[in-house]
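Try each task before reading its solution.

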Amino acid sequence: MIKLFRKIRYNLMEQNKTGSSAEASAKAGKYLKYAIGEIILVVIGILIALQINLKSQEKTNREHIESILKSVYYNLESDMANPINRFIEFCEFKDSLNTMLLTKNLSYKDYELSGQSRRSIALLLTYEFEPFQFENQAYERLVANIEIIPDEYMPIVKMLQDVYSKEVPVVNEVAIEVKNFVDEIEDKHQTSFDWYSNTDSLHFREKVDYMLTNPKHLNDVRRHQYIIDHLLGHLNTLKTNVSIAYSKIHEELMFNEPFSEIVERFYFPTDEKF
């Protein structure tokens with residue numbers, strides 16, 4: 001393009017169309033105007049090249065960010081079913097057992113029927129919660145590229161920051177509190193009661209009698225209920241925020257794809273709530 005402008009400029013100079021008729025005959029004036037024209041052409045060429053490069057870089061950056069956001073989308077999808085939904089269901093189960101025990105709605109027969117499975121009533125205060133492991137690799141890549149994120153995607157980034165930098169740490173903090181509490185209870189049972197390591201019917205009955213009637217144990221159950229309710233509240237907040245971010249990415253980038261079946265039980269807000 002610059003070569004084309006230069007050729008036109010040179011032809012005009014030769015035809016005396018770039019200056020007055022009096023100046024056209026002056027060699028020095030001719031060369032000066034030609035030089036100025038060359039400079040203008042170079043500047044125009046540089047500006048055009050910069051604009052082209054800028055548009056190309058913006059397109060490359062956008063494609064890169066959109067690729068990362070799609071990875072975040074699939075990470076959120078995985079986290080919805082596990083650990084979020086799984087732990088919400090487990091906390092709700094624990095909370096219902098706490099309530100039933102504190103309101104005297106459990107009996108020895110209930111303990112006997114539940115046996116010693118993972119969901120045994122007798123294991124109410126012995127299951128250890130571990131900190132939640134969330135898929136955050138894609139989010140970390142997104143944060144590392146924060147300077148090139150297009151403005152229209154910044155609201156999504158803000159949602160994700162609330163999820164990964166605010167809600168996830170709080171959930172893990174409370175989960176560790178639950179873990180530490182049940183570890184403390186289990187240590188107490190291990191050092192104080194023979195029934196801890198015995199599975200015969202006599203020791204099982206002693207264990208159940210303790211859990212149904214001992215005031216200290218009921219106090220532990222009440223404390224356990226408070227912490228579980230606290231964890232459940234933060235889990236539901238996390239669930240809501242994750243679903244909003246997931247839905248927004250779907251709306252912006254994945255609108256041609258249906259929601260995955262693994263999140264069908266999840267909460268999805270309407271557009272008015274974004």
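Predicted model: local features only at pLDDT ≥ 70, side-chain atom pairs only at ≥ 80, totals over all residues.

**Exercise 1. The fold as a whole**

Task: State how many helices and strands the chain has, and how much of the chain is buried.

Solution: 
- Start with the elements. The chain has eight helices and zero strands.
- Read along the sequence. The pattern is α-α-α-α-α-α-α-α.
- Turn to burial. Of the 274 residues, 38% count as buried.
- Check the contacts. Take those between residues at least 6 apart in sequence: 79% of them join residues at least 24 apart.

**Exercise 2. Placing His203**

Task: Is His203 buried or exposed?

Solution: 
- Locate the residue. His203 is found in helix H7, residues 201–213.
- Apply the cut-off. Buried means under 20% relative accessible area.
- Compare. His203 has a relative accessible area of 18%, so His203 is buried.
- List the partners. Leaving aside neighbours within four places in sequence, His203 contacts Asp194, Trp195 and Asn198.

**Exercise 3. H6 against H8**

Task: Work out how helices H6 and H8 run relative to each other.

Solution: 
- Define the pair. H6 covers residues 154–192 and H8 covers residues 215–253.
- Take the geometry. Their axes come within 9 Å and cross at roughly 160 degrees.
- Apply the cut-off. Angles over 145 degrees count as roughly antiparallel.
- Conclude. H6 and H8 are therefore roughly antiparallel to each other.
- The crossing of H6 and H8 is left-handed.
- Sort the contact residues of H6 with H8. They divide into 22 nonpolar, seven polar and seven charged.

Methods:
Residues numbered from 1 in each chain as written. Heavy atoms only, no water. Helix = DSSP H or I, 4+ residues; strand = E, 2+ residues; numbered from the N terminus. Buried < 20%, exposed > 50% of the residue type's maximum accessible area, 1.4 Å probe, protein only. Contact = heavy atoms within 4.5 Å. Axes fitted to C-alpha atoms, helices over the stretch in contact; angles between N-to-C directions. Parallel < 35°, antiparallel > 145°, perpendicular 65-115°, else oblique. Left-handed = near helix turned anticlockwise from the far one by under 90°. Nonpolar A, V, L, I, M, F, W, Y, C, P; charged D, E, K, R; others polar.
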